[in-house]
Amino acid sequence: MLGRGFKYYDWNISSGDAGGAKTGKDMYNNVIKNLSKKRGNMVLMHDFGANKKGLEALPDIIAYGKKNG
């Protein structure tokens with residue numbers, strides 16, 4: 001498929017929403033501690049029917065990413 005113009009993307013940072021993250025703050029911390037300016041960052045987050053903790057964390061994660069390049 002790659003030879004036919006498709007590009008492959010995969011996540012390299014887990015928010016932990018399907019694992020140990022109990023709160024939006026836990027998710028935020030899981031993401032920001034693994035962000036790197038040396039690579040493209042692809043964050044894995046699940047919606048779980050509009051996961052409340054993910055909705056809490058996302059604006060702060062985006063703000064942190066913008067602020068820190």
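**View 1. G16 is buried, with a relative accessible area of 13%.** Buried means under 20% relative accessible area, computed with a 1.4 Å probe on protein chains only. The structure is a predicted model in which local features need pLDDT of at least 70, side-chain atom pairs count only at pLDDT 80 or more, and totals for chains, interfaces and linings use all residues. Residues are numbered from 1 along each chain as its sequence is written, and side-chain values use heavy atoms, with hydrogens and water left out. G16 lies in the loop between β1 (13–14) and α1 (24–32); helices (H or I, at least four residues) and strands (E, at least two) are DSSP runs numbered from the N terminus. Leaving aside residues up to four places away in sequence, G16 touches A21 and N30, where contact means heavy atoms within 4.5 Å.

**View 2. K53 belongs to helix α2 (residues 52–67).** K53 is buried yet has no salt bridge, that is, a side-chain nitrogen of Lys or Arg within 4 Å of a carboxyl oxygen of Asp or Glu. The nearest side chain of opposite charge, D17, is 6.8 Å away; Lys and Arg count as positive and Asp and Glu as negative, while His and the chain ends are not counted. The K53 side chain reaches the backbone oxygen of A21 at 2.6 Å and that of D17 at 3.4 Å.

**View 3. The largest nonpolar core has eight residues: I13, A21, M27, Y28, V31, I32, A57 and I61.** Such a core is a set of buried Ala, Val, Leu, Ile, Met, Phe, Trp, Tyr and Cys residues joined through side-chain atoms within 4.5 Å. Its largest share, four residues, comes from α1.

Key
Buried means under 20% relative accessible area, exposed over 50%, partly exposed in between (1.4 Å probe, protein chains only). A polar contact is a pair of N or O atoms within 3.5 Å; within protein, one must be able to donate a hydrogen and the other to accept it, and residues adjacent in sequence count only if both atoms are side-chain atoms.
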